[in-house]
Amino acid sequence: MELRHVALPAPRPVRLSRFTGRLALALAVLCLTLLAGLAVASRAGADTVVPLTTAAPAGNPVLVTSVNRSPKGFRLTAARVLATASADPRVRVQLRKYPGALAYEYTKGIPVWQVSWFSAGRKQRELIQVYVDDRTASVTQVWTGFQVAWTMARGYPGAFGRRSNALYVWLPLCLLFIAPFLPLRGWGRGRGRVRLTLLHLDLLMLLGFSVSLALFNNADIGLSVPFVYPFLIYLLVRMLLLAFGRGVPREPLRVHVPTSWLFTAVVFLIGLRIGLNVMNSNVVDVGYAGVIGADKLIHGHLLYGLWPHDNAYGDTYAPFTYFAYVPFRLIFGWSGLWDALPAAHAAAIAFDLLTVGELYLLGRRLRGNQLGVLLMYAWVAYPFTLFTLSSNANDALVSAMVVLALLVVSSAPGRGAAAALAGLTKFAPFALVPLFLRGTGRRPTERAAAIYIVVFGLVVFAALQPVLLNGDLDYFWHDSVVYQASRVTPFSIWGLWGGLGLVHALLEAAVVGLAGLLAFVPERRGPVEVAALAAAVLIALQLTANYWLYPYILWFFPLVMVALFAGHPEGRLGSCRGVVPGPEALPAIAPVAEPA
């Protein structure tokens, strides 16, 4: 299937002067440094909770009813544990805020005690949670606020990403991500000079999420959450401007590493990523949920509702997510327990490799082999894709379906099916349905629009068959759709701060309007513009989401890379080894200028 060549008028390029580019880059680095310093200072001076141990107790809490008798296998009594926990200075500060709080003591697997204080009244809410070591009679962890209910917010090492969080892994990946675009030849002879462009700032903004992740891993949720939004807002504005012909690069993309070297690095990094995934024994909820859902599909059980207690909220995803795990459940099996789950590991690796392959095909069709290799390299070198893979999350499946839709964007039935599958993963990509209905060019014919709608509807209907045939619609609606739309979490400013209901509602309405508007403007567009517009819609959606985590970056990251790299004009820059078209490449698709 070939992408249509759209003849477009010459754009009005916007080029940063050398001074402006350097100033922008310096400001970006300065901001990142200040944010990191602010985080360290806040952490050092805060009177909030600092855990003394860095692991979550594995046992389930068991209420102790006899306060003066030691439970079997324990040395301390509940009364002694309560006195120890109450004497902790951090706990005393919290108890002064809640003088009427009620305390309960639990065992949580030998040798851990848990003391929890609840609010008084009919609807009790856990206010403070303390862990005490039975062997040493010492407090090991104290948690308050949203970190009581959300263990994900406690910064336990390895809870997400495992070894990918190590600085000896993360920092080299950050350097590798930007290295091909840094002209360092001649530095040893004193002639080196980096010509900074807007692309360098774009890449730094993509890496800027690392600051927030570092705070998240340090349990500084009050800082990590708001620090996500400046980078999301920058990328949203950048993608919209690119789609409307603003900030379009004037010169071809300068890549200072030979394509063969990039391909070798891709192969090496893929091997490294798979190795780290296999070494990681953890599987986050989404991976476990995928295996459970696949097992239910295989045995004809209700897909939604009646889930195991250790993953009671796993039925929150759209049906295609569970379908995607079926082959891996059949091949690798499942013990029925939350164990090493090789099926989840294999699925995460497959989703990642599928996205890599699709990016190569897309780049090859747009500009030839060099762009395909460069897009692959950007994916495997970007540290957040490794973070997601090491977490065994399913977000690379969303990426794969979105890239697939872009790959078949010139085919009405193809993009209709791909748009449906993308939305049937985690619902959010359904916001792209109007955009892909429009496709490329000026506007689709009535026949093309009808085909798109019919194919889209058929794919959705087919995916919902396990729900419809088993009478599972009520569970599906409440456990998935309603739950996803209504849950309040500390992983967005809307849940973390509160009191922003009106602003949140207005922004949600604006995102809906943006998703519909971009189906009509700009009037003419090619695949590069569609990539930028799709990235903008997904980023805008994440800005208003109640729940946000770092794997969600993968939803828009490949689209951003396509827009940034393929938005450069074609050409050869001699020794700079720029991305140039191969003999099989299609003609360049020029960025669209805003109509006068």
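The accessible surface of the protein chain comes to about 25700 Å², and 66% of that area belongs to carbon and sulfur atoms, with areas taken from the Shrake-Rupley method with a 1.4 Å probe, and with only the protein chains shown counting as cover for residues. What you see is a predicted model, in which local features need pLDDT of at least 70 and side-chain atom pairs count only at pLDDT 80 or more, while totals for chains, interfaces and linings use all residues. Residues are numbered from 1 along each chain as its sequence is written, and side-chain values use heavy atoms, leaving out hydrogens and water.

Of the 596 residues in the protein chain, 55% are buried, where buried means under 20% relative accessible area, exposed means over 50%, and partly exposed lies in between (1.4 Å probe, protein chains only). The chain holds 25 helices and 5 strands, these being DSSP runs numbered from the N terminus, with helices (H or I) of at least four residues and strands (E) of at least two.

Let me turn to the helices. Helix α15, residues 383–390, is mostly covered, with 8 of its 8 residues buried, and just after α15 comes N392, which takes a positive phi of about 55 degrees. Helix α14 (residues 369–381) and helix α25 (residues 553–566) have axes that come within 10 Å and cross at roughly 145 degrees, the axes being lines fitted to C-alpha atoms over the stretch in contact, with angles that run from 0 to 180 degrees between N-to-C directions. In contact terms (heavy atoms within 4.5 Å), the residues of α14 that meet α25 include L371, L374 and W379, and their partners in α25 include F557, M561 and F565.

Next, the charged pairs. A search of the whole structure finds 8 salt bridges, each defined as a side-chain nitrogen of Lys or Arg within 4 Å of a carboxyl oxygen of Asp or Glu. One of them joins R273 and D352 at 2.6 Å, N to O; because R273 lies in helix α10 (residues 259–279) and D352 in helix α13 (residues 342–367), the pair ties together parts that are 79 residues apart in sequence. Both R273 and D352 are buried, as are D88 and R90, whose salt bridge has its closest N and O atoms 2.9 Å apart. E251 and R254 also meet in a salt bridge, at 3.3 Å, N to O, but E251 counts as partly exposed because its relative accessibility is 26%, and R254 counts as partly exposed at 28%.
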